[in-house]
Amino acid sequence: LGLSAVQEQAIKDSIEVAGGIVLLSAPKGQGLTSLAYGVIRTHDAFLTHILTIERAPDQDLEGITQNKLTPGASPAEELKLVSWVCSQEPAVIMMTSLEEPASAKELIKFAAEGRKVYVGVRAGSAMEAVNVWRKWVGDDARAMKHLMMSVSSRVLRKLCVNCKVAVTPAPE
């Protein structure tokens, strides 16, 4: 994912800790799904019970049960699926996008039981993601109690050194 060694180690350290909520954020089109999939794949899917809640899964994750939330699902349907996934007692839940504040509260209860939760947030920075999370939960103390980390990413496209060609743009 292009993280520095310090950033990568911080994420790995948070993965080692059972329980807690980690916010994963990026602006639209800037790699939120790549970040979420990269982090969830760091867990051993064959030794750890992992479930996801996704609106439109981009790819199959081997060893991970992916639960699809239908496009245009109502807040009640989202909450119902979140409650059902929590009732399955996985060690890790990843939710790629959250739209219902009651779902955030359900995920907090789940994290309070010593389980890990990753929540995708469309936000321009890690602090903006925390503010969105606080707004969803509606109670700052409750929102922050189990929050372990907020990670923000941006896509950086790098040209292949073998393929790139120098171009002088026309003045106009």
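**A parallel sheet and its helices**

Ser 103 is buried, with a relative accessible area of 0%. This residue belongs to helix α4, which covers residues 101-112. Leaving aside residues up to four places away in sequence, Ser 103 touches Glu 78, Leu 79, Val 82 and Leu 98. The model is a predicted one, and the values that follow are computed from it.

The wider setting of this residue comes next. The protein chain has 6 helices and 6 strands. Read from the N terminus, these elements follow the order α-β-α-β-β-α-β-α-β-α-α-β. Of the 172 residues in the protein chain, 40% are buried. Along the principal axes, the C-alpha atoms fill a box of roughly 60 × 35 × 30 Å. When contacts between residues at least 6 apart in sequence are considered, 63% of them join residues at least 24 apart.

The strands form a sheet. In general, strands of a sheet pair through backbone hydrogen bonds, in a parallel or an antiparallel manner. Here the pairing is parallel, and 6 strands make an open sheet in the order β3-β2-β4-β5-β1-β6. Its edge strands are β3, at residues 65-68, and β6, at residues 147-152, each of which pairs on one side only. From one strand to the next, the twist averages 15 degrees.

Helix α1, made of residues 5-16, lies across β1, β5 (116-122) and β6. The direction of helix α1 is at about 145 degrees to that of β6.

Strand β5 also holds Val 121. Is Val 121 buried or exposed? Val 121 counts as buried because its relative accessibility is 1%, and the cut-off for buried is under 20%. Not counting residues up to four places away in sequence, Val 121 touches Leu 23, Leu 24, Ser 25, Ala 26, Leu 32, Ala 129, Val 132 and Trp 136. Leu 98, one of the residues that Ser 103 touches, lies 23 residues from Val 121 in sequence, and their C-alpha atoms are 7.2 Å apart.

Ser 74 sits in the loop between β3 and α3. Its relative accessibility is 28%, so Ser 74 counts as partly exposed. Glu 89 is placed in the loop between α3 (75-87) and β4 (92-95). With a relative accessible area of 52%, Glu 89 is exposed, the cut-off for that class being over 50%. Although Glu 89 is not a glycine, it has a positive phi of about 55 degrees. As for distance, Ser 74 and Ala 91 are 17 residues apart in sequence and 26 Å apart in space, C-alpha to C-alpha.

The surface and the charges complete the picture. The accessible surface of the protein chain comes to about 9,800 Å², and 54% of it belongs to carbon and sulfur atoms. There are 19 positive and 19 negative charges in the protein chain, and their mean positions are 4 Å apart.

Conventions: Residues are numbered from 1 along each chain as its sequence is written. This is a predicted model: local features need pLDDT of at least 70, side-chain atom pairs count only at pLDDT 80 or more; totals for chains, interfaces and linings use all residues. Side-chain values use heavy atoms; hydrogens and water are left out. Two strands pair if DSSP finds at least two bridges between them. Helices (H or I, at least four residues) and strands (E, at least two) are DSSP runs, numbered from the N terminus. Axes are lines fitted to C-alpha atoms, for helices over the stretch in contact, and angles run from 0 to 180 degrees between N-to-C directions. Contact means heavy atoms within 4.5 Å. Buried means under 20% relative accessible area, exposed over 50%, partly exposed in between (1.4 Å probe, protein chains only). Accessible areas come from the Shrake-Rupley method with a 1.4 Å probe; for residues, only the protein chains shown count as cover. Lys and Arg count as positive and Asp and Glu as negative; His and the chain ends are not counted. The place of a charge is taken as NZ of Lys, CZ of Arg, CG of Asp or CD of Glu.
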